[in-house]
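Here's a quick briefing to read with the model open in your viewer. Keep the sequence handy too.

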Amino acid sequence: MAPSVHLEAFANNRKKKAMMEETIPFKNLHSREYQGHKKKVHSVAWNCIGTKLASGSVDQTARIWQIEPHGHGKAKDIELKGHTDSVDQLCWDPKHADLIATASGDKTVRLWDARSGKCSQQAELSGENINITYKPDGTHIAVGNRDDELTILDVRKFKMIHKRKFNYEVNEIAWNMTGDMFFLTTGNGTVEVLAYPSLRAVDTLMAHTAGCYCIAIDPLGRYFAVGSADSLVSLWDIKEMLCVRTFTKLEWPVRTISFNHTGEYIASASEDLFIDISNVQTGRSVHQIPCRAAMNSVEWNPKYNLLAYAGDDKNKYQADEGVFRVFGFESA
């Protein structure tokens, strides 16, 4: 084969690869800002059908926003009031589009009806709650607190069914898709893998050279990703429990990560003044969303390519802005 034909084939391959990597026209997409909280937003989360977004804030409230994926109208919001300390994390019932759980520094976990804004259940736990996640079948909620204690609640009775204290720093927690494995990210740079419901230790993955802060499960169930203080995001094959690649674009400790609904892209954020979006299969960065402050939470919508994100934004008087944004709209 002539060298020029070789080069042409090579160039075409590269072009094809680049097109495959970016099936979303990121460059043409914009962010919209949503304002309502009086202090900074710690956590954003979409409901299971992608029609509502919840935000939890240092102002002790959560808010529910109805966000039209293609609409322009002003987003309506409902305030969830009752916590007496910061709402650090929240998560929606994976089977019910109007039920949401919130974890707060006031030691309580609350369950709310997003239609009425009323609190339907409340559990008083033993420490300041910072992490919360639902089991994928919606039957249990796991809560982590500042004292490295894990509590599992039965959702129907809203009563504690397991409690365990760990002798190491426990950060974000997650179930796998089938609910028979439970992951803890730790300050030692490991991911502890526990069997569920026994909570028996199955594996310790030496994931990073510094603390692991956050974890996300690929919606197709193939991978999980871990964000670390070493500024890397690692991607793990969930069957083999092996690291298959790392994402290296960020330079600061990774605070928050999320897969998009097709499992093609992963968003990660830190104190770097951008959110990175990378292709999961190639590890290459395909887009960066500029931001004005360190990010606390990024989360992709489960149905559309809309990415919600919230950080430590301040106004010109250095007061918290209390905003979050959603990226992915075709017009600003």
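How does Gly221 count by relative accessibility: buried, exposed or partly exposed? Gly221 counts as partly exposed, because its relative accessibility is 25%, and buried would need a value under 20%. Bear in mind that this is a predicted model. The chain has 28 strands and one helix.

**The chain as a whole**

- The radius of gyration is 20 Å, which agrees with the value near 20 Å that a compact globule of 332 residues would have.
- Taken along the principal axes, the C-alpha atoms fill a box of roughly 75 × 50 × 35 Å.
- Of the 332 residues, 55% count as buried.
- The accessible surface comes to about 15,200 Å², and carbon and sulfur atoms account for 51% of that surface.
- If you take the contacts between residues at least 6 apart in sequence, 44% of them join residues at least 24 apart.

- Residues 205-246 are 57% strand and 0% helix, with 15 Å between the end C-alpha atoms.

**Aromatic pairs and a charge over a ring**

- The count of aromatic pairs comes to 10.
- One of them is Phe26 with Tyr265, an edge-to-face pair with 5.2 Å between the centres and 85° between the planes.
- Phe26 sits in the loop between helix H1 (3-21) and strand E1 (30-35), and Tyr265 sits in strand E23 (residues 265-269), so this pair ties together parts that are 239 residues apart in sequence.
- Phe26 and Tyr265 are both buried.
- Tyr34 and Phe324 make a stacked pair, at 5.2 Å centre to centre and with 15° between the planes.
- Here the pair ties together parts 290 residues apart in sequence, because Tyr34 is in strand E1 and Phe324 is in strand E28 (residues 323-329).
- Tyr34 and Phe324 are buried as well, and together with Trp65 they form one aromatic cluster.
- Over at Phe329, Arg32 lies over the face of the ring, 3.8 Å from the ring centre.

**Backbone spots to look at**

- Most residues other than glycine have a negative phi, and most peptide bonds are trans.
- The peptide bond from Tyr196 to Pro197 is cis, with omega near 15°.
- Pro197 is in the loop between strand E16 (190-195) and strand E17 (201-206).
- Phe158 isn't a glycine, but its phi is positive, near 50°.
- You'll find Phe158 in the loop between E12 and strand E13 (159-165), and it counts as buried because its relative accessibility is 4%.
- Ser231 also has a positive phi, near 75°, and is a residue other than glycine.
- Ser231 lies in the loop between strand E19 (223-228) and strand E20 (233-237), and at 13% relative accessibility it counts as buried.

- Thr151 is part of strand E12 (residues 149-154).
- With a relative accessibility of 4%, Thr151 counts as buried, since the cut-off for buried is under 20%.
- Which residues does Thr151 contact, leaving aside its neighbours within four places in sequence? They are Leu125, Ile141, Ala142, Val143, Met160, His162 and Lys163.

**Back to Gly221**

- Gly221 is in the loop between strand E18 (212-217) and E19.
- Setting aside neighbours within four places in sequence, Gly221 is in contact with Met177 and Ile238.
- Gly221 and Ile238 are 17 residues apart in sequence, and their C-alpha atoms are 7.5 Å apart in space.

Conventions. Residues numbered from 1 in each chain as written. Predicted model: local features only at pLDDT ≥ 70, side-chain atom pairs only at ≥ 80, totals over all residues. Heavy atoms only, no water. Phe/Tyr/Trp six-rings, centres within 6.5 Å; stacked < 30°, edge-to-face > 60°. Helix = DSSP H or I, 4+ residues; strand = E, 2+ residues; numbered from the N terminus. Buried < 20%, exposed > 50% of the residue type's maximum accessible area, 1.4 Å probe, protein only. Lys NZ or Arg CZ within 6 Å of the ring centre and 35° of its normal. Rg over C-alpha atoms; globule rule 2.2 N^0.38 Å. Contact = heavy atoms within 4.5 Å. Areas by Shrake-Rupley, 256 points an atom, 1.4 Å probe, with all protein chains shown as cover.
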